[in-house]
Amino acid sequence: MTISNKAKAIGCLIFGLFLLITLFSMLNTKREMSSKIQALQEQNSSLQSSMKQSNSKYDQLSKQYDELNKEKNGSANESLISTTNELFKLVYNYNTDKKSDSLAARKGQAKPFANSSALDSLFSKNAEDWAPSVSTISKLEERPQVYRMSSDDKNLTALVLIDYSVSIAESKPQKGELMYRLTFDPLEKKVSEIKLLGEISVTQ
């Protein structure tokens with residue numbers, strides 16, 4: 001074999017090896033690309049699944065919030081006003097000459113509208129032992145005015161203005177206005193806390 005033929009043979013061999021290496025490299029690259037694509041597809045599928053779960057959870061939480069917000073600002077307000085009206089009727093509408101209007105009797109009737117702590121604040125802790133020394137007639141001059149206060153708490157807070165009159169020993173009725181601050185539990189539908197803030201005005 002001449003030198004020229006040897007050179008051609010070596011050239012062909014080198015070219016063949018180059019093609020073979022290139023082919024292996026291309027196949028390896030293709031496998032890597034395929035593997036990456038598969039991994040990305042799996043990741044995408046996982047993200048889509050997580051997104052669907054997150055959207056579903058968000059929709060559920062959003063619905064629960066809307067329902068709670070509606071309850072808090074809708075029927076809860078109605079319960080607050082209704083409970084407040086009934087509670088203060090028992091506090092301020094009474095005639096001590098009537099046994100049914102005794103402090104203990106009215107406190108017992110008020111139990112559906114307030115917890116024991118609030119009742120003790122309104123009627124005295126020892127209502128059973130209290131007895132009037134003189135005849136007293138009290139009444140609400142108008143329905144309690146309830147002013148709801150803004151709050152993010154689950155309970156509702158309100159200011160309540162009471163317009164009442166009281167006659168002692170058949171004297172001329174004296175009018176007055178009192179302001180209370182109360183906390184209302186919409187689940188229990190009861191007043192949980194109450195505090196007398198003070199007298200607003202007194203008219204003879």
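In this predicted model, a nonpolar patch on the surface is formed by Leu13, Leu17, Leu20, Ile21, Leu23 and Leu27, which together have about 570 Å² of accessible area. One of these residues, Leu13, belongs to helix H1, which spans residues 3-73. The relative accessible area of Leu13 is 55%, and the residue counts as exposed because this value is over 50%.

In soluble globular proteins, nonpolar side chains tend to be buried together. The largest nonpolar core of the model contains 29 residues, of which Phe88, Tyr92, Ile162, Tyr180 and Leu182 touch the most other members. At least two residues of this core are supplied by each of helix H2 (75-92), helix H4, strand S4 (156-168), strand S5 (174-185) and strand S6 (190-203). H2 provides the largest share, with seven residues.

Residues up to four places away in sequence aside, Tyr180 touches Phe88, Tyr92, Leu122, Ala158, Leu159, Val160, Ile162, Ile194, Lys195, Leu196 and Leu197.

An α-helix has 3.6 residues a turn, so residues three or four places apart point the same way. H4 is followed by Ser124, which has a positive phi near 90 degrees.

Methods: Residues numbered from 1 in each chain as written. Predicted model: local features only at pLDDT ≥ 70, side-chain atom pairs only at ≥ 80, totals over all residues. Heavy atoms only, no water. Helix = DSSP H or I, 4+ residues; strand = E, 2+ residues; numbered from the N terminus. Patch = residues over 30% accessible without salt bridge, like charges linked within 9 Å, V, L, I, M, F, W, Y side chains within 5 Å. Areas by Shrake-Rupley, 256 points an atom, 1.4 Å probe, with all protein chains shown as cover. Salt bridge = Lys/Arg side-chain N within 4 Å of Asp/Glu carboxyl O. Buried < 20%, exposed > 50% of the residue type's maximum accessible area, 1.4 Å probe, protein only. Core = buried A, V, L, I, M, F, W, Y, C linked by side-chain atoms within 4.5 Å. Contact = heavy atoms within 4.5 Å.
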